[in-house]
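Here is a friendly walk through a few local features, with the model open beside the text. Keep the viewer handy and follow along.

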Amino acid sequence: MKVRVVLAVVGWCVACGGGQELQLNHNGYEGLVVELTDRLPQEHCNHLIHGLKSVLRELSSQMWTATEGRASLREVTVALPRSWRTDALTCSLLTPLVVSSAPVEGHIRVSEPHPVFGARPWTQQSQGCGRQGDFIQLSGDLLRPASNDSHAHAARLLLAEWAKFRWGVFDERGHTNDPLFPPTYRDPSTHQWAATGCADGAVKGSTCDSAQSGCSFAPDLYTNSHLSTSLLAFPDLPSVRQFCNDKTHNRVAPTKHNSLCGGRSAWQIIQQTPDFAGGRNSASNGSRGLDPMLRFVQQASPRYVFVIEDTATMNLQRRWEFLRKAMRRVVVYDVPDGAHVGVVTFHSVARTVAPLTFIESEDSDMRQRVGSSLPRNPSTTPESHKCILCGLKEALRVLDDTNKKENGATVILITTGSGPTPQREVKQMRNLAEQRHLRIEVVLYPLTERRGAATASHGLEVLVEQSRGSIFTVMDEGVGNDSKVKMMVALMDALLASVQRSAPSSAPGAPVLVHSAAYPGGIASMSAGSFALDDSLGPNARFSVYYYDLNHVGNAIQLTAPSGQLIASVNVQEEDGDVNMIFIILEKAERGLWTYSVENRADSHQGLYVQVTAKRNTSTGLQVRLWTSSGSQPVNSSDPSTPVIIYAEVKAGVAPIMDARVVARLQRLGTNATGSNYHPIFLDLWDNGIGDPDITKGDGLYSRYLPPLPGSPGRYLLSADIDYNSGLASVAKGPPTRHHKSLASHLPFFHQHGYDTWNSEQTCCGYALPYVHTRRAPPFLRHVTWGVLEVVSLSTHHDNVPPSRILDLRVEVNDTVHEIKLRWTAPGDDWDVDRAHHYEAVVAPFWKEARAFQGDRLTGLPQPLPAGTLHTTNLHFTRYEELWFVTVRAVDEANNMGGVGNIAALWVPRPPTTYEITTRTHPALTTSGNYTMPSELGSGRPVGKTEFQLEDVAVILGSIGGFLIVVATVVFYCYCYTKRRKQHHEKDVKKAREGGGSGNLIVKPGTLSMEEGGGSHESLDSIVKDDPGTARDGPPLSPVQSWGPTTLIKEHERRMSVHSEVAEDGPVAYKANGLSPHAPFPDVTVTSSRLASEGEGGGESQVYPPCTHEENTCNCASSRLEYNSYAPTWDEPLTGHLLSRAHTSPAPTPAAHQPNLPQIDRKRRNVTQV
């Protein structure tokens, strides 16, 4: 089959243009818009279009199968980038395209790779279960085929994301290192690890303990062909083509879908959406063609027509003057280059005051001509005779006067809004807007507030909602016959916001409001502030000061650049009296943080207004967007069933910006009873991924519930200031080698050589986007205006707004001390504002009981902290190897209970050193943490105390006994060792005494020993002992023991003659009087001593050895001996050394035959020689 292609002019776009809405009619989707962004190079045009046709054809067929014949694609509009030339060879089409001016924001956007998901499609979901997402985004690489099955695989991935986008379901798989949605979980039936997901059979693959860092599940690609579900869990498996229904759904698995949808199956949620609810689009057995019809369009430059009411009410005070000034400002300074602008006025009839004019550049004279086209004075026709329908018809005639046949335009309607518009006219305008693909932006100026009266409806809400427009309100703040300059600035902001919404926010040349600040008069002489310029802005910026009277602005206007350069000269200031503006053009302005100060001389009832504006420089820079979940519909603040959520998107191209500072501002319009302005309400928006309301952390979406709005019904202007959070903001970026990867690296189903992983890219989306690479965001600042929230109901005195759900409850088990940590983010008193009153928690053995909030109640939980604060509570759990389920909810002071949040599984492993604990009826649980107190369960007994069982006592006593046995053994061993050593010592002493008492030197028979190394060289058989007292007073000594050194040596020479014989290549051999060289020879131990000079008595020299024993090596010789010295003569053998020292004349020694001892022996302190 071939895809039917129609080249036509199509202007209808559901996301942001007027016209047909994306809807399912007779089992076929119509109105789907696929947008190819400007970030795609034109040379890939033919490949992208061919791949897109194939993927959409496969998507339609697979959608028909997955929905059992209920849905497919029928008509698809493909919007080509404005910068592409469709007549080039790289983007050749059959016929030339007629461009359309309708603004395009596609449901499916083909762009550059995402820094986390790469080429894989992913869905941005800002709202909850069953609610449509924002868009689907994928990379152009996904459309380029890598194999025969590439397009089929890409269609499966896209179908899974389509289910999230259109039907509001969520991921049914686990994610690595995700604290809420881990890759594996404990199966309640087997208590074994199983893959997190939903399937109609056992999923084969390697499992692991999800508590371990880096645990991931990898289903086998080739052994799971028996599976057919679920596309939200395993879309990469070729056999998976269905969604889980009530029979196959796994509600216990910790998936994002179970958490946000309360355990209901994906198919159940899909059937309850508007596409299928009430029997719509029932299953069909028809065999009609499933190939979608493609319509290709290319967006042209935007077209604006200002339709302005000029009835007599505009002539009051300075209303018309301010309107003329605001029109001049927006046309001359804000309308992007290349746009077409026309102006129409109406009262009872309408007329054209400026035809549709092409604005070529900033210096074009057409800007001045169109901007000053309004008449000096309005008509005198009463307001009750105005005809808005006449003005809209005249605007269509202005659009038709051009020769170009283009569809789509933006009509900016400026009317007072007093009194309802006839329904007949509203119906006709709706038909015209749908036929001509118009977007209607309504500016109510000025709206007079009648205090005490009900808010009058202008009846244009339906028209604005259908055309995807907005409503802006400028309140009447006149002072007598005068008007405050605040009205003029508010009207300028409304017109600028209308122009910004119709021009692509990422298109180069689009206007950007960087900074806006109001400084009341009569307070301070100098008004100071700061702003930041980033690289996404053009080289020039405009610093403007708006005033009521020129004298309200002093001469001193100072600007300080990021480099410190001061700009304070009056010569650089320019004045535009037609706009009440003094401005400074910052040419080639530095990037970074600027500061300024302005001399404020305004009156107390007026003020000065400072704004910094610029134009976009590139399509890949900073992009911000602000919106609400209610759209243009009035807000019923007393109905908790329809809460309003405020959203802000902060990105750099496709890369989210994390940790930015986003502050929403709600300013009630009008004045209070004293005539003063109402105090604004500031609200910090969060990107924390707690689930209610923020769905995913780190995706660049910041959200918060609308806080309570005190007072009577009124209108609130919603704006936001977004900045880089003092340097804490960061931008996600992909790995450095991402642009080198081939297509197959983005498609995990197609394995290449060297690629053996399940996912080379992350899948969307778990609790948070797992960024690996980030960079610090440069200084930036944006001021964004969304529009006006119209509150139509009185806030009741009874509080009926509950806290938000706790959807980020997680359980962390410490296996060592068997403690449990419960973590969750604190909700508020009213949704996520303020703080709740208390918490309630249950612990149940079954998931169903926990879901119904039944089971054992846990009391003593911590006191609630302010909304957005992380709670951490420690618990001690004494039920081991049992699976329990825990859930927590918050309750406010009015006893409004928050919804049941996510259900966390609780499993504590058995301690390895204890026996099995006796089973009890209730688990023992103790909490400690933030503002905690002793906990109790439904059993009615305190659980903070430990209950000792018989087994516990036995373990304790056994441990003590074992310790005592070890101590006794050590003591006994020490006693035996000491006694044995003492006995050996006494035996040695006794043997020594039997040998003849003690003396100065003991010579014992031994063996010759030559030692090496640096340790002691004493003979192990020698005992040297110096005990003079014993020598004198002890028993009589033998002659040998009593001889001095000289006598001993003489006796030695007499008995023996020493000869040395050295073998040629062998050791030294000693012979004594013909005895065998191995005969015993006495050992002599000498410790590094040398002879001192002779004393007075001239006695013979003696050798005094030290006292050598184990613990003390003190020298026992007299002070005349010097130790620890080395004599060169010691190089000779010790025998010769002793002889040379014993005789006055040298004795004959065989010095020539004596070997030199090794150097290591020369350094010995204890020398042993024979």
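Apart from neighbours within four places in sequence, Arg668 is in contact with Glu449, Tyr678, Pro710, Gly711, Ser712, Pro713, Gly714, Arg715 and Tyr716. Please keep in mind that this is a predicted model. Arg668 belongs to strand β34, which covers residues 661-668. Its relative accessibility is 7%, and because buried means under 20%, Arg668 counts as buried.

**The five-stranded sheet**

Let us move on to a sheet. Here 5 strands form an open sheet with antiparallel pairing, in the order β22-β30-β24-β28-β27. The edges are taken by β22 (511-520) and β27 (574-576); each has a single partner strand, so one side of each is left without a neighbour in the sheet. On average, neighbouring strands are turned by 20° against each other, direction ignored.

Strand β28 (residues 581-586) pairs with β24 (residues 537-546) over 6 antiparallel bridges. Within that pairing, Val545 has Ile582 of β28 as its bridge partner, and Ser544 stands opposite Phe583. Strand β27 is also antiparallel to β28, and the two are joined by 3 bridges. Here Glu575 is the residue whose bridge partner in β28 is Ile582.

How many of the residues of β28 are buried? The count is 5 of the 6, so β28 is largely enclosed by the rest of the structure.

**Helix α5 and its partners**

Helix α5 (residues 319-334) lies across β22, β24, β27, β28 and β30 (607-616), and runs at about 160° to β24. Helix α5 also meets helix α10 (residues 485-502): their axes come within 9 Å and cross at roughly 40°. The two helices are therefore oblique to each other, and their crossing is right-handed. From α5, the residues making the contact include Phe322, Leu323, Ala326, Met327 and Val330. From α10, they include Met488, Leu491, Met492, Leu495 and Val499.

**Backbone angles worth a look**

Most residues other than glycine have a negative phi, and most peptide bonds are trans.

| Site | Feature | Angle |
|---|---|---|
| Thr229 and Ser230 | cis peptide bond | omega about 5° |
| Tyr445 and Pro446 | cis peptide bond | omega about -20° |
| Glu68 | positive phi | phi about 60° |
| His191 | positive phi | phi near 60° |

Where do these sites fall? Ser230 is in the loop between β12 (218-219) and α3 (256-261), whereas Pro446 is in strand β18 (residues 438-447). Glu68 is found in the loop between α1 (45-66) and β5 (75-80), and His191 in the loop between β9 (184-186) and β10 (193-195).

Note on methods: Residues are numbered from 1 along each chain as its sequence is written. This is a predicted model: local features need pLDDT of at least 70, side-chain atom pairs count only at pLDDT 80 or more; totals for chains, interfaces and linings use all residues. Side-chain values use heavy atoms; hydrogens and water are left out. Two strands pair if DSSP finds at least two bridges between them. Helices (H or I, at least four residues) and strands (E, at least two) are DSSP runs, numbered from the N terminus. Axes are lines fitted to C-alpha atoms, for helices over the stretch in contact, and angles run from 0 to 180 degrees between N-to-C directions. Contact means heavy atoms within 4.5 Å. Buried means under 20% relative accessible area, exposed over 50%, partly exposed in between (1.4 Å probe, protein chains only). Angles under 35 degrees count as roughly parallel, over 145 as roughly antiparallel, 65 to 115 as roughly perpendicular and the rest as oblique. A crossing is left-handed if the near helix is turned anticlockwise from the far one by less than a right angle, and right-handed if clockwise.
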